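Please view the sequence and the structure below before reading on.

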Amino acid sequence: MTFTLESFHFHVLPMHTRFPFKYGIASMNALPHLFVTANLVVDGKAVSGLASEGLPPKWFTKNPDTPFELDLAEMIAVIQNASRIARLAAEKPTGFFAWWQNLYAEQSNWAKVKEVPSLLANLGVSLIERAVLDSLCKALGQPLHAVLRSDVLGIDLGAVREELRGMRVEDVIAPAPLTHLNARHTVGLGDPLSAADGTLDDGLPYTLEENIRAYGLRYFKIKVCGKPETDLPRLREITRIITANCSSGFHATLDGNEQFYDLAAFREFYATLSADAALAPLFQNLLLIEQPLHRSQALNDDVAATLQSWTEGPGMIIDESDGSLADLPRALDLGYRGTSHKNCKGIVKGLANAALLKKRTPHILGGPILSGEDLANVGPVALLQDLSVMALLGVTHVERNGHHYFRGLSMHSAATQDAALTTHAGLYHRHAQGFATLIIENGRLDLQSVNTAPFGCGITLDVSQFEPLNAWIKRGGMGEL
């Protein structure tokens with residue numbers, strides 16, 4: 001199967017949160033949700049594919065000194081540059097993997113010259129890659145899992161990383177995609193915990209207590225700020241609420257959000273928390289800790305000694321530090337146990353990471369960890385594409401928070417919401433107030449419709465209802481967020 005790339009189109013839908021999402025140094029109240037349309041000719045047939053992503057403040061680059069307008073301009077620049085490279089790489093008929101290699105290499109070279117961090121640069125690769133994959137799945141009339149197992153894309157893991165020579169994609173992904181995933185609920189730094197923290201009358205659960213009861217949650221991702229005087233009382237209350245409402249048990253992860261610059265200091269912080277008797281249930285059910293060290297320090301040589309001597313410590317993974325293909329091998333060498341998958345970091349890269357963890361399993365003390373993390377994904381495109389990849393990677397619990405910080409699909413037209421309800425009746429339902437919203441029952445998401453749709457979505461979305469990116473920029477759309 002070969003294709004040429006005719007054009008890309010970019011559209012924007014501004015989205016506002018139900019309440020602020022506080023993570024690390026940022027507090028998100030609004031963001032632009034970018035839709036990328038790729039127009040391909042696949043084996044002589046015109047096909048269009050779609051991908052989307054919310055562009056959040058202070059995640060791809062955590063520079064406290066830059067305004068969001070500048071960060072957003074950088075995000076758009078890397079996406080547009082990736083689209084330029086992608087078009088040039090597919091002016092003549094090409095196979096997917098050769099095209100992807102060209103896109104990844106040229107974007108990386110451009111990023112080095114422009115001094116763009118690899119995590120940010122690969123946002124561009126990922127969005128373009130997803131739009132093209134959506135096109136190819138549609139052209140083949142098959143979901144992504146089936147396309148990957150057939151090897152029609154020609155992905156050569158050994159060409160991605162030499163260490164993976166001889167491994168095949170079909171040997172890395174699950175034999176069949178998971179039909180259900182456990183939703184791991186985000187507890188942000190400013191999230192309300194109980195009725196004492198107030199109410200929000202918009203029809204959806206607001207406090208942690210309400211969310212557990214409404215969705216039957218059993219998995220939680222808890223963010224910490226790194227200050228014991230702040231974290232201890234908050235974690236005590238979180239632990240109290242979870243244990244009181246999860247009679248059948250629970251699991252949790254801690255997100256350090258790059259708050260530390262020294263791993264020994266984090267180890268002391270962890271010892272302080274874990275010694276608190278009120279937090280015993282939390283630490284007895286702790287699955288992993290995600291990226292406590294700032295990305296500027298997380299992969300330094302001096303991390304190895306602390307990680308390798310901390311045998312009683314939790315499984316620790318990288319997240320924001322997983323920007324390039326070189327980062328996970330480096331992290332495993334230092335003593336980390338794995339990484340996160342997010343579609344914004346790339347599909348082929350995610351497959352290569354899963355393959356590396358499988359390859360190195362015998363050498364990873366405690367076993368490898370591939371977690372599923374979130375970027376406040378919402379449907380009907382970004383969330384569903386992300387879920388489809390989590391299902392085929394066999395990730396059993398995944399952070400989901402887009403439905404928590406945004407009001408379902410209420411920002412979309414009635415026609416789009418109706419399409420989601422029809423196509424994904426097991427994943428979305430109509431709220432009593434009329435808008436489409438996610439179904440989480442017994443803490444789980446039903447992915448059966450996602451797994452049968454071309455790259456998860458299966459909805460024909462009319463992007464002309466959204467504002468073209470250039471028009472949005474020229475009229476000062478950034479300033480309206």
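In S5, Lys 221 stands opposite Thr 186. The structure is a predicted model, in which local features need pLDDT of at least 70 and side-chain atom pairs count only at pLDDT 80 or more, while totals for chains, interfaces and linings use all residues. Residues are numbered from 1 along each chain as its sequence is written, and side-chain values use heavy atoms, with hydrogens and water left out.

- Strands are DSSP runs of type E with at least two residues, helices are runs of H or I with at least four, and both are numbered from the N terminus.
- Two strands pair if DSSP finds at least two bridges between them.
- S4 (residues 180–187) and S5 (residues 219–223) run parallel and are joined by 4 bridges.
- S4 also pairs in the parallel sense with S11 (residues 397–400), over 4 bridges, and here Ala 183 stands opposite Val 398.
- With S14 (residues 444–446), S4 pairs in the antiparallel sense over 3 bridges, and His 180 stands opposite Asp 446.
- Of the 8 residues of S4, 7 are buried (buried means under 20% relative accessible area, exposed over 50% and partly exposed in between, with a 1.4 Å probe and protein chains only).

**Helix H16**

- Thr 416, Gln 417, Ala 420 and Leu 421 are the buried residues of H16 (residues 414–423).
- These buried residues line one face of the helix, because they fall within an arc of 135° seen down its axis (the arc is that of the directions from the helix axis to the C-beta atoms).
- The face turned away from the buried side carries the exposed residues Ala 414, Ala 415 and Thr 422.
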